[in-house]
Amino acid sequence: MEVPAIEGGKPLREHFKEYYPSFTEYEKQLVLSVLESGRLASGLGKYVREFEESFARFIGVKHALALINGTAALHTAVASLGIGSGDEVITTPFSFVATATSILHNNAIPVFGDIELDTLNLDPETIPDKITNRTKAILVVHLAGHPAEMDEIMKIAREHDLAVIEDCAQAIGSEYKGRKVGSIGNIGGFSFYQSKNMTTGEGGMITTSDELLYRRAKLFIEHGSEERYYHTILGWNYRMTELQAALGLGQLKRIDELNHAREEIAKIYTDELESLDGYLLLLPKPKPHVKHTWHIYQVLLKLENLRVNRDRIVEAVRKENLLALVAYPRTIYENPLFQNLNAYGNGCPWSCPFYGAKITYKAGLSPKAEFAARSVVTLPTLAGMTAEDAIDTAKALKKVLIYYKK
Ligand SMILES: Cc1ncc(COP(=O)(O)O)c(C=O)c1O
């Protein structure tokens, strides 16, 4: 048996390699042309508009609205549905925190369901019990690029007259039964952060076919103003720059290629780790009716068959000079923000008189999500990775798991 580097053995790689996306000449030319034009701010050039139109076509919706990042996209999506103080939104506890803070940013209350362990997505069966007369929407996440069970979620929403917001930050180009995510619910939010399947450094997009939601979202990201220096609602400046949009336009033209590269890396992980599946870990198994875009590759460790905890496994892989991550080490509600029930001071929005109900986020609230947070290991599928990088990453994990098996 090979001794892992963390236990004094020889590391699988001599040096740690960082992964960065590379950009085509065409993409560089697009960005350069913005600099040369001098028209950098949103709306001064043509790229924001072109990026929005192309993205709307790609997703299959009437409207897309470019903004500064995915967090702003979700904040705006929730706001444009008119959700605010006194309202509840049901969401998943196993996601990046912005999924739930977008609800708090609107003074509304996040209510957490639980997840399915095979996809780590919100389990529709856990939604109905959480519905109250305050519930206004379901905010669903397509985690890691695997679409959530949208048919069932849309059915629950219809029956209870709820809106559906799709957090598509990790799922650009993912499909559920042939439809792109971001076109199924009332409104969708995307992220183009550096690590995302296509990137503008930071960036985000809203998608919707609802004219009213689009108009409200546009107002919200433009200081609440349609007419210069005349402000009708509380708004923000969330507009995307022409520089970001030019790069986004270039990236979008090759999104299928970028997604395909991630899929190839996922295949390598599956091939390399299959022999341990069900014994030392559980590999992801996409449902047959989805197109997965593999933003990350999530495995769950079978901790009962291992001598050490998850954090030790991840540290050991890193000591092999290969990258493993944890997305996410705790459920959203286990963060102090939610345990302290205080976002805006004075306990708001939880203590807001318009809310009037009491909610706590106690341990055991979403047992499957808590279990996933303890056992998940995230393998990267980042742009810039080669097949060899993926093979070595899987080999490092395999080496460590076999050494620490009971
Ligand atoms: C599921 C999810 N939601 C929201 C966000 C927020 O996006 P951004 O980082 O662009 O603000 C991210 C990205 O980090 C994410 O992964």
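Let me start with a term: a salt bridge here is a side-chain nitrogen of Lys or Arg within 4 Å of a carboxyl oxygen of Asp or Glu. Hello everyone, and a word on the model before the tour. It is a predicted model, so local features need pLDDT of at least 70, side-chain atom pairs count only at pLDDT 80 or more, and totals for chains, interfaces and linings use all residues. Residues are numbered from 1 along each chain as its sequence is written, and side-chain values use heavy atoms, with hydrogens and water left out.

So, how many salt bridges does the structure hold? There are 23 of them. As a reminder, side chains of opposite charge can pair when their charged atoms come close.

I'll take aspartate 151 and lysine 177 to begin with. Their side chains meet in a salt bridge, at 2.7 Å from N to O. Aspartate 151 sits in helix α5 (residues 150-160) and lysine 177 in the loop between β6 (175-176) and β7 (179-180), so this pair ties together parts that are 26 residues apart in sequence. When I say helix or strand, I mean DSSP runs numbered from the N terminus: H or I with at least four residues for helices, E with at least two for strands.

Aspartate 151 has 41% relative accessibility, so it counts as partly exposed. Lysine 177 is partly exposed too, at 48%.

Now to lysine 136 and aspartate 87. They form a salt bridge whose closest N and O atoms are 3.1 Å apart. This pair links distant parts of the chain, 49 residues apart: lysine 136 is in strand β4 (residues 135-141), and aspartate 87 is in the loop between α3 (70-80) and β2 (88-91). Lysine 136 is partly exposed, because its relative accessibility is 35%. Aspartate 87, by contrast, has 10% and therefore counts as buried.

One more pair: glutamate 320 and lysine 399, whose side chains meet in a salt bridge at 2.7 Å, N to O. Here the partners are 79 residues apart, with glutamate 320 in the loop between α9 (310-319) and α10 (336-339) and lysine 399 in helix α12 (residues 387-403). Both glutamate 320 and lysine 399 are buried. There is also a network, in which salt bridges that share partners join Arg13, Lys17, Asp389 and Asp392.

Let's go back to α5 for a moment. In this helix Met150, Ile153, Met154, Ile156 and Ala157 are buried. Looking down the axis of α5, the buried residues fall within an arc of 160°, so they line one face of the helix; the arc is that of the directions from the helix axis to the C-beta atoms. On the face turned away from that buried side, α5 carries the exposed residues Arg158 and Glu159.

Next, the ligand. Which residues come nearest to the ligand? Of the 16 residues around it, these are Gly70, Thr71, Asp167, Ser191 and Lys196, where near means that a heavy atom of the residue lies within 4 Å. The shell divides into six nonpolar, eight polar and two charged residues. The largest share of the shell, three residues, comes from α3.

Aspartate 167 has a polar side-chain atom 2.8 Å from a nitrogen atom of the ligand. Serine 191 has a side-chain N or O atom 2.7 Å from an oxygen atom of the ligand. Lysine 196 places a polar side-chain atom 3.0 Å from an oxygen atom of the ligand. Taken alone the ligand exposes 380 Å², and the protein buries 91% of that; these areas come from the Shrake-Rupley method with a 1.4 Å probe, and for residues only the protein chains shown count as cover.

To finish, a stop at helix α7 (residues 242-253), which holds alanine 245. Alanine 245 is buried, because its relative accessibility is 0%.

Methods. Buried means under 20% relative accessible area, exposed over 50%, partly exposed in between (1.4 Å probe, protein chains only). A polar contact is a pair of N or O atoms within 3.5 Å; within protein, one must be able to donate a hydrogen and the other to accept it, and residues adjacent in sequence count only if both atoms are side-chain atoms. Ala, Val, Leu, Ile, Met, Phe, Trp, Tyr, Cys and Pro count as nonpolar, Asp, Glu, Lys and Arg as charged, and the others, Gly among them, as polar.
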